[in-house]
Amino acid sequence: MSTVTVHFVSSDGEQTVTAKASEGDNLLSVAQIHDQPLEGTCEGQMACSTCHVIVDAADFAKLPEASEMEEDMLDLAAGARRTSRLACQIDLAAELDGLTVHMPIESHNMQNI
């Protein structure tokens with residue numbers, strides 16, 4: 001199993017946290033391990049949009065298409081953009097090595113993590 005590098009860019013663009021993960025790891029879990037402000041209230045059940053991230057435009061096409069259910073949840077996400085996704089729906093694969101995601105400015109982690 002190979003290592004996948006993910007770059008998390010803060011909502012103000014001032015900080016980037018680079019994380020190493022394994023293929024198959026879920027982006028939400030990796031983000032939480034690295035203290036990113038993604039709540040994931042529904043624990044990946046697609047019943048909320050608290051793990052909304054904005055995928056860098058250069059990386060967006062590398063992702064599998066979002067399901068209709070994910071698109072519906074993104075409609076509820078504050079500040080959703082064309083390259084928005086739910087982190088809980090992204091499983092890391094070798095082709096995603098170097099993935100860059102931005103935290104939405106509207107993101108608030110109510111767990112204060």
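Predicted model: local features only at pLDDT ≥ 70, side-chain atom pairs only at ≥ 80, totals over all residues.

Colleague: Start with E1. How many of its residues are buried?
Modeller: Five of the seven. Strand E1 covers residues 3–9 and is mostly covered.

Colleague: And in which sense does E1 pair with E2?
Modeller: Antiparallel, over seven bridges. E2 is residues 16–22.

Colleague: What sits between E1 and E2?
Modeller: Six residues, and the two strands form a hairpin. Gly13 is in the turn, with a positive phi of about 75 degrees.

Colleague: Parallel or antiparallel for E1 and E5?
Modeller: Parallel, with four bridges. E5 runs over residues 99–102.

Colleague: Now His7. Which residue is its bridge partner in E2?
Modeller: Thr18. In E5, His7 has Thr100 as its bridge partner.

Colleague: Switching to E3. Which way do its residues point?
Modeller: E3 is residues 52–55. His52 and Ile54 point one way, Val53 and Val55 the other.

Colleague: Are those four buried or exposed?
Modeller: All are buried.

Colleague: How many bridges join E3 to E4?
Modeller: Three, and the strands run antiparallel. E4 is residues 84–86. There, Arg85 is the bridge partner of Val53.

Colleague: What about E3 and E5, parallel or antiparallel?
Modeller: Antiparallel, over two bridges. Val55 has Val101 in E5 as its bridge partner.

Definitions and conventions: Residues numbered from 1 in each chain as written. Heavy atoms only, no water. Buried < 20%, exposed > 50% of the residue type's maximum accessible area, 1.4 Å probe, protein only. Pairing = 2+ DSSP bridges.
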